[in-house]
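Q: I am new to this structure and would like a close look at one part, the backbone and the helices around the ligand site included. Please start with the terms I need.

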Amino acid sequence: MKILVTGGLGFIGSHTVVELQNEGLEVVIIDDCSNADEKVLEGIQTITGKRPLFEKIDLRDKSMVESFFARHQDVVGVIHFAASKAVGESVVKPLLYYENNIGTLVYILQALSQKQRASFIFSSSCTVYGQADEMPITEDAPVKAAESPYGNTKQIGEEIIADTCKVTPSLNAIALRYFNPMGAHPSVEIGELPIGVPQNLVPFITQTGMGIREQLAVFGDDYPTEDGTCIRDYIHVVDLAKAHVVALQRLLQAKNEENYEVFNVGTGKGSSVLEVIQSFERVSGEKLNYKIVDRRVGDIVSAYANTKKANQVLGWKAESTLDEAMKSAWDWEKKVRKA
Ligand code: WQD
């Protein structure tokens, strides 16, 4: 049984490949290396002792997707991470996002629909909820108008999968709606490698801690929250990776009731920006240089997951605390800067 992981050299993808291999599954990675480096394969092999198969393919080329599946007929499941994911960039380059995030999804689903039976895990996002009306957010919270083309590609992606599953009983799919992934593998062999100036909070914090960034700008402290800063659900990337393995096994073992299911993947706990900064200061023993600036356009006030469905149906629960996740992020940053 071979599992295809698209975008498997990326941050969440590489951590998921490690957990799949730990469960004894054979993995083949497709990555176009536009946002990840092939040397991530070394890190995976160092951790698990097994080097996954790897093919550098641009999934926007339909003929390449078709030839891959013809050569790997023993692929029984796909975990689809490959996508462009920078919210800001998606606003200025919408067509790049629709082509890459939607086009590639269609080609993979077309290939899987030809098989006797196929399992498909989709990397979705809590961005589909926009600013949800109630916290914590459940899976049946209404999907709101997307705030960016990136968020729209996740909404459209889920609809494409749902529509396809309705008429393709052989296709079994789960969409995992991530909250805010952070941290790195405890071996410090793989982790987050943002290109350029990090858009996300945690890598910006650790780079500021290393002196690579002068100062963290906190985007607003006048929100209607306890300390005035935005609240998110920060989940350790290894916990997130394990959720993919559990979801895939549910499909491989045909334990799913419906052939399309959706799960929130978070810790169920909300943390404010200032609480994340305090976590960094606790685990590093260093004061972080930051200042409060204006709000960032498009930010929502609060988003954290109701994880009951994943806990009860998948039998999965996030194990790591915010400090454990932050320590792994800090250990990784220190290692990367030494290399
Ligand atoms: C978190 C908080 C910022 C940077 C991201 C992706 C989204 C989804 C979830 C994939 C916010 C504040 C940030 C900084 C700051 N991922 N912040 N200074 O916006 O919740 O969403 O993760 O699907 O696509 O964009 O994450 O880390 O950017 O921001 O104050 O330099 O940190 O305002 O409140 P976000 P983030």
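A: Helices (H or I, at least four residues) and strands (E, at least two) are DSSP runs, numbered from the N terminus. This is a predicted model, in which local features need pLDDT of at least 70 and side-chain atom pairs pLDDT 80 or more, while totals for chains, interfaces and linings use all residues. Residues are numbered from 1 along each chain, and side-chain values use heavy atoms, without hydrogens and water.

Let us begin with the ligand.

Now look at the polar contacts (pairs of N or O atoms within 3.5 Å). At F219, a polar backbone atom is 2.9 Å from an oxygen atom of the ligand. N200 takes part through its side chain, where an N or O atom is 3.2 Å from a ligand oxygen.

From here, let us follow the backbone through some loops. Most residues other than glycine have a negative phi, and most peptide bonds are trans. C33, however, is a residue other than glycine with a positive phi, near 60°. You can find C33 in the loop that links β2 (26–31) to α2 (40–48). A254 has a positive phi as well, near 55°, and its place is the loop between α8 (237–252) and β11 (260–265). Next comes a cis peptide bond, which leads from M135 to P136 and has an omega near -10°. P136 lies in the loop between β5 (118–125) and α6 (149–167).

Finally, here are two pairs of helices. Helix α9 (residues 273–284) and helix α11 (residues 322–338) cross at roughly 65°, and their axes come within 9 Å (lines fitted to C-alpha atoms over the stretch in contact, with angles from 0 to 180 degrees between N-to-C directions). On the α9 side, the contact (heavy atoms within 4.5 Å) is made by E275, V276, S279, F280, R282, V283 and S284. From α11 come L322, D323, M326, K327 and W330. Together, the residues of this contact divide into six nonpolar, two polar and four charged.

The other pair is helix α3 (residues 62–71) with helix α5 (residues 94–113), packed at an angle of about 30° with axes 10 Å apart. Here K62, V65 and F69 of α3 meet Y107, I108, Q110, A111 and L112 of α5. That contact has six nonpolar residues, one polar and one charged.

Definitions and conventions
A polar contact is a pair of N or O atoms within 3.5 Å; within protein, one must be able to donate a hydrogen and the other to accept it, and residues adjacent in sequence count only if both atoms are side-chain atoms. Ala, Val, Leu, Ile, Met, Phe, Trp, Tyr, Cys and Pro count as nonpolar, Asp, Glu, Lys and Arg as charged, and the others, Gly among them, as polar.
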